[in-house]
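Here are my notes on the model that you passed on to me. Please read them beside the coordinates.

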Amino acid sequence: MIVPLVTPMDRPGHPSAPAADTLLRALAAAGARGLMLFGSNGEGPLLPMAELGAFAVGVAERWRELTDGGPVLVNVTAPGTAEALARAKAVRPAAPDALVLSPPIYFRHRHDEIVTHYAAFAGLGVPVVAYHAPRYGNPLTPALLDELTGLAHLVGLKDSSGDLALFRHALAAAARRRDGFGVSQGAERQALDALRLGADGVVLGVANVAPAVTVELFRAHRERRDADARRAQQLLDGVLALHTVRPGVPAVKAVLAERGLCPPYAAAPFTPCSEGERKALLDLLAPLDAHLVRA
């Protein structure tokens with residue numbers, strides 16, 4: 001189970017590794033062992049390149065102390081190949097266990113252009129995980145998955161599409177082409193379904209708020225405790241209702257801020273939750289308080 005970490009900030013738009021320390025300790029104490037930085041939960045595409053390196057280094061070092069070397073993945077997705085490579089260079093001092101890369105965002109691109117985008121990372125000496133979040137950019141089609149699983153430097157896929165038919169295809173493509181290629185689910189409400197299909201893991205934004213429940217979902221499935229796994233999924237579905245109050249990162253940060261785990265600051269144009277939104281979030285989640293992260 002990998003947590004796609006929110007990015008704690010000491011002021012709007014300024015990531016701060018010291019500001020992340022309390023949250024990192026709470027996640028590790030809840031049983032989390034892997035992190036992904038600068039994904040959609042981490043506001044990565046909103047952060048300028050100059051803000052990435054120091055945060056990645058500080059968080060990676062602290063996380064590995066807390067978890068005895070737990071893996072740290074870093075998302076470097078960008079509109080084009082040159083910027084994605086520059087972002088990869090900026091975070092290399094953090095010694096990421098893998099880089100995470102979506103197809104290019106903003107413009108629509110042909111099949112061959114997307115393959116070339118991924119192929120450009122072959123010489124970096126860092127494994128790459130493909131990140132499929134089609135609402136933010138170009139989709140990974142079955143044909144693309146068939147080809148990308150053959151790239152030696154690609155070691156896995158995080159699929160956040162919510163399309164279980166495509167997820168099945170990804171699992172089959174990886175099994176056909178090579179050993180050691182991992183496939184993870186990022187669509188929170190499909191987590192248990194994906195594990196039952198054969199997913200290697202889950203990378204769920206809700207783990208920032210409910211890490212112990214997310215760990216239990218994964219462990220219960222692996223240990224064939226089906227009733228416990230279903231209950232964990234149901235609890236996560238309940239926590240996800242927070243996005244009905246205010247969709248996205250500001251709501252997650254508001255909940256964490258109330259629990260003393262993360263400042264509420266976000267990167268522009270995001271703004272923190274209003275007082276009314278904050279109160280509505282707390283009222284909504286009050287019945288689930290025992291299952292939420294705590295300092």
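**Notes on the predicted model**

1. Asn 208 counts as buried because its relative accessibility is 0%, where buried means under 20% relative accessible area, exposed over 50% and partly exposed in between, with a 1.4 Å probe and protein chains only. This is a predicted model, in which local features need pLDDT of at least 70 and side-chain atom pairs count only at pLDDT 80 or more, while totals for chains, interfaces and linings use all residues. Residues are numbered from 1 along each chain as its sequence is written, and side-chain values use heavy atoms, with hydrogens and water left out.

2. Asn 208 sits in the loop between strand E10 (201-202) and helix H8 (211-222); helices (H or I, at least four residues) and strands (E, at least two) are DSSP runs, numbered from the N terminus. Its side chain reaches the backbone oxygen of Gly 205 at 3.0 Å, a polar contact in the sense of a pair of N or O atoms within 3.5 Å, where within protein one must be able to donate a hydrogen and the other to accept it, and residues adjacent in sequence count only if both atoms are side-chain atoms.

3. Which residues is Asn 208 in contact with, leaving aside its neighbours within four places in sequence? They are Val 3, Pro 4, Leu 5, Val 6, Leu 23, Leu 27, Asn 41, Val 252, Leu 256 and Val 293, contact meaning heavy atoms within 4.5 Å. Leu 24 is 184 residues from Asn 208 in sequence, yet the C-alpha to C-alpha separation is 9.6 Å.

4. In a regular strand the side chains alternate between the two faces of the sheet. From strand E6 (residues 98-101), Ala 98 and Val 100 point one way and Leu 99 and Leu 101 the other, and all are buried.

5. Strand E6 runs parallel to strand E5 (residues 72-75), joined by three bridges, and Leu 99 in E6 is the bridge partner of Val 74; two strands pair if DSSP finds at least two bridges between them. Three bridges also join E6 to strand E7 (residues 128-132), again in parallel, with Ala 130 in E7 as the bridge partner of Leu 101.

6. Helix H3 (residues 81-91) lies between E5 and E6 in a right-handed β-α-β unit, and E6, helix H4 (residues 111-119) and E7 also make a right-handed β-α-β unit. A crossover is right-handed if, with the strands pointing away from the viewer, the path from the first strand over the helix to the second runs clockwise.
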